[in-house]
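Grab a look at the model and follow along.

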Amino acid sequence: MTSKPVIGLLGGGQLGRMLCEAAGPLGIEVAILDAADAPAKQINTSPKHITGSFKDPDKIKELARHVDYLSVEIEHVDALTLAEIDITGVTVTDESGKTSVKKVPVHPAPMSLEMISDKFEQKVHFEKAGIPVARQVKLDSGDIESSLRQAGERFGFPFIVKSRNNSYDGRGNVVVDDAEDFEDVVEALGKDGLYAEKMVKFTKEIAVMVIRTEDKDKGASRTYPYPAVETVHQDSICTTVYMPPRGVSQKVCQQAQELACRVVGTLWGRGVFAVEMFVTADGNLVVNEVAPRPHNSGHYTIEAVPQMSQYKAQLYAILDMIPEHLKLTPRVSSAIMVNILGGAQPDDYERLVKLSETTYDDDMDVHLHLYGKASKPGRKIGHITLTGTGSIDDLEKRSKEFVSLANTIRDERISAASEQLRPQQDALAAPTVPRVVVSKTAQVLVTMGSDSDLPVLKAGLDILRDFEVPCEVRITSAHRTPRLMADVAEAAAGRGIKVIIAAAGGAAHLPGMAASHTPLPVIGVPVKATHLDGVDSLHSIVQMPRGIPVATVGINNSTNAALLAIRILGAHYPEYLDKMTAYMKRMETEVYGKASRLMDIGYEAYLAGMPKK
């Protein structure tokens, strides 16, 4: 029997990995629900680990049977199943076959997870509590263009459109500069589950990590704020964190801590929470969003606040071990965290690793953290924390080489991505010998006739990424680069490609021409053009002659194209079949949840909360 209760964690990425790194010296056992090779499992072996999706209700309950508490690494989880476990427990069977109900508390509370996972409802909640947030409005999926126009009239241009669910690191956000961008919104995000938000003119983005404890018997909670930090974002991803914030007064930093505690005080359950804010030109604070878990902006606490890093705090909060009079005082006067993001080439990030291993400075300590993740362009694969005993300005000067190198790797990544979208010079000069860049691991080839089709394909590419399907993305025009298109299609099967997804608008010949050059299944995505709303593209793809079949999905529906490709792969690879089964189960659970909510609150209240058509 362990000396401390076992904590079950949904998700085993880098946050789970660092949680396990904190748990080991404390003798706290953590059991992970995630893929077998998840980063957290690489450093933490346990017979209680569960292999599977942390969104699968059955797997969540299986984990609950082996642990004493449940927590999460990410807020996009099945909050309904967690609420069921938290309230009614799970059924367990002992060696004699006798069954009983085991109570497994969930922290943070499922109510917090469910509310925070919906960004719109999150801000509605905070606004009702008197928390300053940006103005926002739901968008009507039935008349999205009219809704967007009204948002423009209400907020002025530019404004931002966001997905209510499953958006992070800038994904699910589109800036609307004028009415001509309305079509881009639909292409990138679809029509459902969106809201518009007034742009906040800010001078700094800052964040405060907050520990929350509670005593249910007394109906009271306590909050403990970490120091405020400045977060710098590029490409909608946090790249650098500064403690203390540069150019922000101590008064504003203290106000940020107080505001963060107010925000977290409105929530439920125990744990650490990240509160992200904007500092406006007049020094006011506006809350942007909240994460109910350890956060990128709190990585610096591992070295800067070692007596209670955000990970130790998460463990102690779950176990209700936070000292009542805790003071979160940094042991250093300044700290800078630099994210290590994947570059254009898999080994580009090694330059930052080498720099951290070879830098010696008596007034700056260098701490390297790698997450055990394969390098992909833009992917968070580690971070470096630099700490100093001098001012933040002094530490910034000493760390200049780290920040500069991270920016160089970013610039190279962007340049390489842009180069892939441009016609190759040697292909233009010698079209009979086209330059073909191939992937040795891809199972799905996604190709388009023009880079203007890429926003339509984004939703499908995101699905393939979420299902962890290796894919290759190409531009091969059936009309402008016919030889290249034919070469790519003909070589696909021999390279291990199993399915081709081809998107095209207008005459939309690409899917059919690709199918005529390969024995592989081809899925056509008709792209909505300017004049005929994509119907011309649909007819061009679906009306293939006998003998050259092309599967066709709805106009702009790359999501279904990706899901169909995964189903085809699932006929041969059990792991994709399992993931598709779990995906369908999640959809079923969502419908049950809606049905349950309708029964609980009645049709009138349910209708009142739905977008008006």
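**Exercise 1.** Is Arg17 buried or exposed?

*Solution.* Start with the ground rules: this is a predicted model, where local features need pLDDT of at least 70, side-chain atom pairs count only at pLDDT 80 or more, and totals for chains, interfaces and linings use all residues. Residues are numbered from 1 along each chain as its sequence is written, and side-chain values use heavy atoms, leaving out hydrogens and water. Next, the cut-offs: buried means under 20% relative accessible area, exposed over 50%, and partly exposed in between (1.4 Å probe, protein chains only). Arg17 has a relative accessible area of 11%, so Arg17 is buried.

**Exercise 2.** Find what the side chain of Arg17 meets in a salt bridge.

*Solution.* A salt bridge puts a side-chain nitrogen of Lys or Arg within 4 Å of a carboxyl oxygen of Asp or Glu. For Arg17 the partner is Glu21, at 4.0 Å, N to O. Both lie in helix α1 (residues 14-26), four residues apart, about one turn of the helix. Helices here are DSSP runs (H or I, at least four residues), strands too (E, at least two), numbered from the N terminus. Glu21 is partly exposed, at 38%.

**Exercise 3.** Work out which parts the pair of Glu197 and Lys123 ties together.

*Solution.* First, their side chains meet in a salt bridge at 2.3 Å, N to O. Then place them: Glu197 is in strand β10 (residues 194-198) and Lys123 in helix α6 (residues 119-128), so the pair links parts 74 residues apart in sequence. Finally, check burial: Glu197 has a relative accessible area of 4% and is buried, and Lys123, at 2%, is buried.
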